[in-house]
Amino acid sequence: IAGDNPLKAIDYASRAATLFEKEDGEVANLELVLCLHIVAAGYCRLSRYDEAIKVLESSLLIPSVDQGSEHALAVFAGHMQLGDTLSLVGKHEMALASYHNALDVQKQVLGDMDPRVAETCRYLSEAHLQVMQFDEAQQLCKHVLDIHSQHSPAGSVDEAIDRKLMALIHAGKGEHEMALEHLVLASTTLSCNGQDLDVASVDCSIGEAYFALGRYDEAVFSYQKALTILKSAKGDSHTAVAAVYVSLADLYLKTGRQREAKTYCENALKIFGKNNAGHELSSGLVEVAGVYEAMGEREQALSLLKRALDILQLAPGEQSAAAGVEAQMGVLLYVMGKFSEAYTAFNSAILKLKFGTDRETTFLGVLFNQLALASVELQQLDNAVKHFEEAKRILEKAVGPHHAETLAVSSNLAGCYDALGRVNDAIALLENVVEIKEELLGTVHPDVARDRERLLALLKGVGRSRARKTSTLEELL
């Protein structure tokens with residue numbers, strides 16, 4: 001019923017829940033939990049996520065792990081469903097906490113090495129990977145591989161799938177040689193088991209690893225191998241084929257073969273033009289836009305990004321992805337000198353992130369910096385100071401005061417203070433920036449020299465000289 005008419009499903013499940021609330025006993029309690037889960041699923045189908053979350057939170061107050069395996073299963077299911085719902089509204093930190101609560105319950109009942117625990121660990125690893133928490137994802141994926149080594153024969157399909165996940169994690173950390181090792185093992189295993197489509201997917205990842213390592217000929221071979229399998233299995237017009245075309249376009253562009261790159265982009269767009277919706281389509285359009293931008297064809301890139309954004313804004317749970325596309329549009333518009341439109345794009349991206357997430361990230365801090373830069377170009381210096389200060393606050397919290405992004409924002413803010421006549425504020429900020437950079441990069445680094453010259457010019461303007469910290473011989477030793 002929920003599939004055909006969510007409102008009717010909610011109505012029936014709510015009525016049943018009311019009846020079960022009047023009953024006593026263990027069975028009635030579990031039936032009540034099931035009803036509440038159905039109600040929450042109905043609300044999700046209607047995109048009424050806040051109501052779904054409240055229902056799921058209330059359902060978790062009913063069962064208790066101490067009352068047996070059925071109650072534990074109800075708790076596990078409730079936490080997993082709550083995690084999925086929180087993910088749909090972009091509250092990834094809260095979602096991860098809910099998933100981990102589910103995993104703890106499952107381990108308590110089944111033990112750490114049960115195959116069903118492996119499935120949950122894989123799910124959590126993918127969730128951590130999605131928000132670029134690579135260490136947490138790696139730890140969970142390693143546990144999955146340990147479980148497989150205990151319960152499955154060597155070279156199983158499950159192990160190959162998990163090795164592919166581990167490769168994605170290593171690639172995210174920039175460890176491309178390690179990623180390649182896992183991918184080659186996965187490809188061999190899948191090929192031996194006749195999993196041709198999975199082999200094609202792994203071959204694409206192998207191509208990406210070779211590309212990252214600068215081994216371009218091997219990358220082309222891997223992409224072409226994947227292309228042959230995908231065309232045979234899915235046809236010439238499938239979006240998976242288009243995705244490989246985009247990878248080849250990017251590779252050829254990097255190696256200076258722009259004509260071939262453009263041809264592959266055009267082939268990809270012909271396929272994407274036959275598809276109307278979906279995350280796969282929006283991701284593909286963003287990738288093609290990146291290639292066109294690198295070729296200097298900015299209007300075409302902007303047009304593709306707008307199309308991708310239209311798709312994402314209609315899909316539930318895509319707030320973060322939509323914000324990323326708007327940020328990319330903002331950068332492009334800024335480079336094109338369309339500062340007012342860039343400001344609008346950056347501001348919209350920030351609103352999406354602040355609404356859809358429960359933590360302040362480096363990306364959010366960088367976006368505030370970009371918003372401030374657009375404000376400077378629009379001669380809105382008071383606004384620029386406000387945005388630079390917010391960027392500095394977020395980045396200090398997210399990555400620390402000595403991080404390169406934080407120092408860059410501080411330098412920008414100092415320039416803005418100077419332009420508004422707040423010279424003493426600018427000097428204080430620049431003195432701190434120069435001192436940190438001299439410690440991290442050395443006194444002769446070009447970035448240090450540039451900021452030091454700015455600082456000395458400001459000090460000269462107010463008739464001061466730079467105060468240097470002195471150290472005793474004991475401190476130096």
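At what angle do the axes of helix α13 and helix α14 cross? The structure is a predicted model, in which local features need pLDDT of at least 70 and side-chain atom pairs count only at pLDDT 80 or more, while totals for chains, interfaces and linings use all residues. Residues are numbered from 1 along each chain as its sequence is written, and side-chain values use heavy atoms, with hydrogens and water left out.

The axes of α13 (residues 258–272) and α14 (residues 279–294) cross at roughly 155° and come within 11 Å. The two helices are therefore roughly antiparallel to each other (an angle over 145 degrees, on a scale from 0 to 180 degrees between N-to-C directions). Their crossing is left-handed, that is, the near helix is turned anticlockwise from the far one by less than a right angle. The table lists the residues in contact (heavy atoms within 4.5 Å).

| Helix | Residues in the contact |
|---|---|
| α13 | C265, E266, A268, L269 and F272 |
| α14 | L281, G284, L285, V288, V291 and Y292 |

By class, this contact of α13 with α14 has nine nonpolar, one polar and one charged residues; Gly counts as polar and Glu as charged.

In helix α3 (residues 49–59), the buried residues are Y49, A52, I53, V55, L56 and S59 (buried means under 20% relative accessible area, exposed over 50%, partly exposed in between). Seen down the axis of α3, these buried residues fall within an arc of 165°, so they line one face of the helix. D50 and K54, on the other side of α3, are exposed.

Helix α4 (residues 69–88) contains A77, which is partly exposed, with a relative accessible area of 31%. C-alpha to C-alpha, A77 and Y334 are 47 Å apart in space, and they are 257 residues apart in sequence.

Key. Helix = DSSP H or I, 4+ residues; strand = E, 2+ residues; numbered from the N terminus. Parallel < 35°, antiparallel > 145°, perpendicular 65-115°, else oblique. Buried < 20%, exposed > 50% of the residue type's maximum accessible area, 1.4 Å probe, protein only. Arc of directions from axis to C-beta.
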